[in-house]
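Open the model in your viewer and keep the selection panel at hand. This tour goes from one selection to the next.

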Amino acid sequence: MVYAQILINSILLGGIYACIAVGFSLVWGVMNILNIMHGTFLMLGGYVTFWMFKLYGVDPFLSLPVSAVSMFCAGYVVQRGLINKIVRAPMFMSLILTFGLQLLVVRLAIYFFTGDFRSVQPSYAGFSIPFMGLSIPFVRISIFVLGVLLTSILFWFMGHTRTGRAIRATRMDLDSAQLMGVDIGRIYAITYGIGAAAAATSGSLVSVGFAISPVSDVEFLSKSFIICTIGGLGNITGALAGGLILGLAENFGALYLGPGLQNAIGYVLLILVLFIKPSGLLGRKGFE
Amino acid sequence: MFRPWSHIQWFAMGAGVLALILLPSFVENDEIRKWMDILMVAILAVSWNFIGGLTGYPSFASAAFFGLGAYTTAILMNAGFNFFITLGIGACLGALVALALGVPILRLRGHYFAIATFGVAEFFRELADNLRITGGGDGINLPQITGGPDYFTRFFYFSMLGVAVLAILTQYFVTRHRLGYGLVAIRENEDAAAMTGVDTTKYKIIAFVLSSIFPAMGGGVYAYRAAFLEPIDVFDVLFSIKAIVMSMLGGVGTVMGPLVGALMMEYLSDYLWGAFTEFHSAFLGIIIVLVVLFIPRGLMAVSQEVKSRGWVSLGVILKSNIQRFRV
């Protein structure tokens, strides 16, 4: 019974992990940018939800669009105004640039929001659904469903809209895409904006089921590292598989090794996967 | 590309070291402490240059080795070892860990390498947080140094200076040696380097080991000076970031660049926003953004261009830097 409960918890956790990593994977895959700002957008999205709930009493699930749209705009501006200027430089430059922005934004966030951990506590926070003798927290399952839904919408968008196809074309062959009339600067900015919006929505979800603080962005960033590396870049199944594997490994690791080493397990997994199959378990060649 | 230093350059280097040796005789303890911090960051920057600057592998493991050295000193000094012996053991341990990790990690390229090194540092932090020998999250105390503040400020200053000079000299000799040319060849084109007979695996591992030794020693000095260690203090990713940014500010892949960068950054930041300690990391962030956008090849490169084209063209140089890589 304990195992079944842990399994359920792992799957629910894995779903939200996958949602966290999707935007990161997109930006990395399309522009070859290791986006250190990812955790920061996630944190800011969480704060949008938190403040809207705290100040205006807006239900956290209703503030998702606000958080997504605001962070899309922020991401668009960051890419257009800063990262586009150096995006063709050695990949390491964009990494450091986003690191600089991350330091700045996180420091300001600590100043304005304080470093306290916050969590949105709607009236239904304590509900759980009994299911065959197991208990499934209502908030967690909603987060899971929403996360998977939003991820699916994103991938539908990538495959079936003009912009989505332009993004994929840019990823496959930058020069050819440019020759076909794709405005690379704009597509890059949109891609980065989508990555930021995806991060922000997952941040909003996280702020309900878990807790956020300006300093927790690195934690989510390293989760994204791990998930993308385990699952591999380039497809939705990679992010889902990576998220599930990490969720399972963390929960069962905490059971056997104690909760203190829960985070260390992810890093061990990361280094193992890099050692065995650097392109990730489900990664496709050419999508590194 | 790396010419041996002329007599004048050696003389300047000697004069610089001499000035640093004489410095404590002329200034207050506060000022000595400031220079100690500069030297510490310079050690990190110069060491990062072996793997990141010369070889082109963006490592985030500086913090891992720094923390490793710090904890080695802490644990061994508590067991009664002499301070300098613990520095040596820390350096050896750092080298061994770099060797063991280098074999799998250095097969990775680009972002995967960056992530792996980041993961190593974070893993060490988690480990230090949970092991009993490191005192866990509560931290660990070191024996207090005896003697007055004048004495121990100088003691730590000269220890740091020793490690820094060692790191810079090693850097100089590596860049004038076959090894340095091999590393640069790997940075420019690894496959071509392998084709022309550079044993890329061996060279990369040597560079990684070199980049681990000096941070480990610097960490040891830091630990004894701080007298108390917490995992989050020493396995701080900011150490890695600072090392990288200062190398970039000075000029990646040059011998003096990291040193110049560390000096400029620490000294300027102290004057410009020493009062806003709370916002130190925010200013660091702004500097990073400006450096990446406007002087990605470092101050040394800019100063050379200014020398050949005159100060008037400074604006043009900065503008051409920002337009070089845009889409």
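This is a predicted model: local features need pLDDT of at least 70, side-chain atom pairs count only at pLDDT 80 or more; totals for chains, interfaces and linings use all residues.

Residues are numbered from 1 along each chain as its sequence is written, while chains are lettered from A and ligands numbered from 1 in the order in which they are written.

Select residues 2-31 and 184-209 of chain A, helices H1 and H8. Helices are DSSP runs of H or I with at least four residues, strands are runs of E with at least two, and both are numbered from the N terminus. The two axes come within 9 Å and cross at roughly 165 degrees. Axes are lines fitted to C-alpha atoms, for helices over the stretch in contact, and angles run from 0 to 180 degrees between N-to-C directions. H1(A) is therefore roughly antiparallel to H8(A) (angles over 145 degrees).

Next, show side chains where the helices meet: A:Ile16 and A:Phe24 are among the residues of H1(A), A:Tyr188 and A:Leu205 among those of H8(A). Contact requires C-beta atoms, placed from the backbone, within 7 Å.

Move to residues 128-131 and 134-137 of chain A, the antiparallel strands E1 and E2, joined by four bridges (pairing needs at least two DSSP bridges). A:Phe131 has A:Leu134 as its bridge partner. In the turn of this hairpin, A:Met132 has a positive phi of about 50 degrees.

Finally, show both chains: their contact takes 34 residues from chain B and 39 from chain A. On the chain B side, H5(B) gives the largest share, 13 residues.

Conventions: Angles under 35 degrees count as roughly parallel, over 145 as roughly antiparallel, 65 to 115 as roughly perpendicular and the rest as oblique. Two residues are in contact if their C-beta atoms, placed from the backbone, lie within 7 Å.
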